[in-house]
Amino acid sequence: MRQPQSDLMSRFGIEVQTINENEDGSLDVKVDVNERFKEWFVYMHGLPQWDEDYFEQWFLKTLGDYVGVNPNE
């Protein structure tokens with residue numbers, strides 16, 4: 001049986017490395033993305049090149065939408 005984490009990387013190119021809870025209750029999530037994902041992301045978002053800050057904002061919004069939390073609150 002494959003682990004869900006390995007499915008994320010093999011199917012989508014994203015691997016969650018760590019999730020840490022801060023004292024204030026917020027979370028720090030560290031992810032690794034492969035080159036194929038980066039190429040897809042740059043293309044889909046019309047970026048001239050990989051932009052780590054843009055990806056981070058997108059990832060937090062997407063994750064927040066999925067779990068029903070606004071990351072800017």
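Let's start with helix α2. Which of its residues are buried? In α2, the buried ones are F37, F41 and V42. An α-helix has 3.6 residues a turn, so residues three or four places apart point the same way. One caution before I go on: this is a predicted model.

Now turn to the other side of α2. Which exposed residues sit on the face turned away from the buried side? They are E35, R36, E39 and Y43. So much for the faces. Next, the ends of α2. At its start, a side-chain oxygen of N34 comes to within 3.3 Å of the backbone nitrogen of R36. After α2 comes G46, with a positive phi near 65°.

Let's step back to the whole chain. The protein has 73 residues, and 15% of them count as buried. Its secondary structure comes to three helices and two strands. What order do the elements take from the N terminus on? They run α-β-β-α-α. How about contacts along the sequence? Take those between residues at least 6 apart: 10% of them join residues at least 24 apart.

Back to the inside. The largest nonpolar core has eight residues. Here they are: I14, V33, F37, F41, V42, L47, F55 and F59. Which elements give two or more residues to this core? The answer is α2, spanning 35-44, and α3, spanning 52-67. Of the elements, α2 gives the most, with three residues. In general, nonpolar side chains tend to be buried together in soluble globular proteins.

First, F37. Set aside its neighbours within four places in sequence. Then F37 is in contact with F12, G13, I14, W50, F55 and W58. Second, I14. This residue sits in strand β1. Buried or exposed? I14 has a relative accessible area of 13%, and the cut-off for buried is under 20%, so I14 is buried. Now look at I14 together with V33. In sequence, they are 19 residues apart. In space, the C-alpha to C-alpha distance is 4.6 Å.

On to a pocket. The second largest pocket has a volume of about 190 Å³. Which residues line it? The lining is made of L27, D28, V29, K30, V31, E52, F55, E56, F59 and L60. Strand β2, spanning 27-33, and helix α3 each supply at least two residues of that lining. Notice F55 and F59. Both are in the lining of this pocket, and both belong to the largest nonpolar core.

Last, two aspartates on the outside. Start with D24. It lies in the loop between β1, spanning 14-21, and β2. D24 has a relative accessible area of 66%, and exposed means over 50%, so D24 counts as exposed. What does its side chain touch? The side chain of D24 makes a polar contact with the side chain of S26, at 2.6 Å.

Then D65. This one is in helix α3. D65 is exposed too, with a relative accessible area of 53%. Its partner is K61: the two side chains make a polar contact at 2.8 Å.

To recap. Helix α2 puts F37, F41 and V42 on its buried side. The face turned away carries E35, R36, E39 and Y43.

Note on methods
Residues are numbered from 1 along each chain as its sequence is written. This is a predicted model: local features need pLDDT of at least 70, side-chain atom pairs count only at pLDDT 80 or more; totals for chains, interfaces and linings use all residues. Side-chain values use heavy atoms; hydrogens and water are left out. A nonpolar core is a set of buried Ala, Val, Leu, Ile, Met, Phe, Trp, Tyr and Cys residues joined through side-chain atoms within 4.5 Å. Buried means under 20% relative accessible area, exposed over 50%, partly exposed in between (1.4 Å probe, protein chains only). Helices (H or I, at least four residues) and strands (E, at least two) are DSSP runs, numbered from the N terminus. Contact means heavy atoms within 4.5 Å. A polar contact is a pair of N or O atoms within 3.5 Å; within protein, one must be able to donate a hydrogen and the other to accept it, and residues adjacent in sequence count only if both atoms are side-chain atoms. On a 1 Å grid over the protein atoms alone, a cavity is a set of points where a 1.4 Å probe fits but cannot get out, and a pocket is an open set with protein on both sides within 12 Å along at least five of seven lines; lining residues have an atom within 4 Å of a point. Grid points are joined across faces, edges and corners, and a volume is the space filled by probe spheres set on the points.
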